[in-house]
Amino acid sequence: MRHIAIVGSGPAGYYTAEAALKQWSEDVRVDIFDTLPVPFGLIRTGVAPDHQSIKGVSRRYETTALSENVRFVGNVTIGKDIAIAELQDLYDAVVLATGAPNDKKMGLPGEELPNVFGSASFVGWYNGHPHFAKLDPALSHDTAVIIGNGNVALDVARILAKSQEEFEGSDIVAHALSALDASQIRRIVILGRRGPHQIAMTPKELGELGKLARACPHVDAGDLPDEAEDAALDPGQRKSVGHLRTFAAAEPCADHDIAIEFDFFASPKAILGTERAEEVEVERTRLEDGKAVGTGETYRIPAGLVVACIGYQTSKIPDVPYDDKAGHFANQEGRIAPGLYCVGWARRGPTGTIGTNRPDGFAIVEKVAEDIGEGSGKAGRPGFDALADSRGVDYVKFTDWQKINEAEIANAREGSPREKFVAVEHMIDVVSKD
Ligand SMILES: Cc1cc2nc3c(=O)[nH]c(=O)nc-3n(C[C@H](O)[C@H](O)[C@H](O)COP(=O)(O)OP(=O)(O)OC[C@H]3O[C@@H](n4cnc5c(N)ncnc54)[C@H](O)[C@@H]3O)c2cc1C
């Protein structure tokens, strides 16, 4: 019998469990730990609340979760409640699937000013992540600046721009919905250091911006390269750039309340303000060998809210080697140390789609299989339960999550699939009711 601990219940964690079941069938026991009492990582707290079909992937993880050989051990933080060395004593393999939940720093003056956020916290706020539910961003000024040219920047822009009606069918949390209802933001500027050909935005997400009820996207036609140059792009990128061309060719946004402006070749230099963010200082750039190079020309954008969508880093765990430059665990194709592995964003950083984590999970199980053979008689589940008992760690099971899930569905406002609990204690209240 092999005993495997997976730390993190996001896509990478569940794909790894799925692969372990496929590899060993009845001859494996998998425990999936998570800090939160609720599973599925960024599927719940990252993927946009108005993209419910994408969130539907969690049904696939449920099939794995309901296998008798897999269990969810929620509300337990590895590295705090239980040390890595303790897990290694109990399980043949420990696979870290902890994602990359921390915002990369911009390294700009003024970054610490109130109402300047990284996307992990801002997205966590509107998605009801308990760590960010109290963020309370002020949306009381005319302009928001979003820094970054990826899909997360588009998510944030779209959420700030949507009308209340457009959130129908989404699971945006009530506190965000009411803050957005009162929002005064009428101009959203998306800053990118490079140009339209260098965006990391997918066609579907860009296309959505052109269909919003009260907001209209605008691109300065002068920022676009000659159309003939699009031929060299891969088909997806060509389609994305095609959307930018459509936005550039459209009439100015006269009959819309909110303008979404793409400001390309624009590198933020500082956030200025006294009590909170008031302006972003920007330097105009040009491309040299594909890199953005400052031109020395600067300008300021008045902005009461700044959201940096520039990437994420894995959280450190005591005694686990970490690559500071890369921002994730130090590893050789997923191997960290004997018996210790990493997968998903914790292995490779915040790149790819949800599906990218599947081959990652299957690849790590192959390595585990090479390394652990038939298992070495470690204590596994019963050993963990004894340790948790002795330490007073009261964990949440998958059946407990199902109760939380039912309560969230029962609490849903009309037209919404659920109203999420945004505080861990409220989730635990549901579990401890009977
Ligand atoms: C804002 C945003 C929107 C996105 N939208 C899309 C999209 O529309 N489509 C798409 O394909 N991809 C999207 N992605 C990417 C996708 O979410 C990731 O590829 C995927 O979630 C990474 O999976 P993971 O399992 O590595 O990490 P995560 O999903 O982050 O899961 C990590 C889990 O580990 C837990 N954890 C962390 N530390 C500990 C610890 N010490 N102890 C116990 N548990 C711990 C966390 O609570 C979390 O549940 C989006 C990402 C973001 C940030």
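Let me begin with H175, which lies in helix α8, residues 174-181. Helices here are DSSP runs of H or I with at least four residues, strands are runs of E with at least two, and both are numbered from the N terminus. This is a predicted model, in which local features need pLDDT of at least 70 and side-chain atom pairs count only at pLDDT 80 or more, while totals for chains, interfaces and linings use all residues. Residues are numbered from 1 along each chain as its sequence is written, and side-chain values use heavy atoms, with hydrogens and water left out.

Is H175 buried, exposed or partly exposed? H175 counts as partly exposed, because its relative accessibility is 26%; buried means under 20% relative accessible area, exposed over 50%, and partly exposed in between, with a 1.4 Å probe and protein chains only. Apart from neighbours within four places in sequence, H175 is in contact (heavy atoms within 4.5 Å) with W125, A133 and V422. The C-alpha atoms of H175 and Y61 are separated by 28 Å, and these two residues stand 114 apart along the chain.

H3 is found in strand β1, residues 2-7. With a relative accessibility of 10%, H3 counts as buried. Leaving aside neighbours within four places in sequence, the contacts of H3 include R29, Y91, D92, K378 and R381.

Next, the ligand. How many residues surround the ligand? The number is 28, and the closest are A12, D34, L42, W345 and I354; a residue is included if one of its heavy atoms lies within 4 Å of the molecule. The shell divides into 14 nonpolar, 12 polar and 2 charged residues. In this scheme Ala, Val, Leu, Ile, Met, Phe, Trp, Tyr, Cys and Pro are nonpolar, Asp, Glu, Lys and Arg are charged, and the others, Gly among them, are polar. Helices α1 (11-24) and α7 (151-161) each supply at least two residues of this shell.

Finally, the cysteines. The structure holds 0 disulfides, a disulfide being a pair of cysteine sulfur atoms within 2.5 Å. C309 is buried, with a relative accessible area of 10%, and C342 is buried, at 0%.
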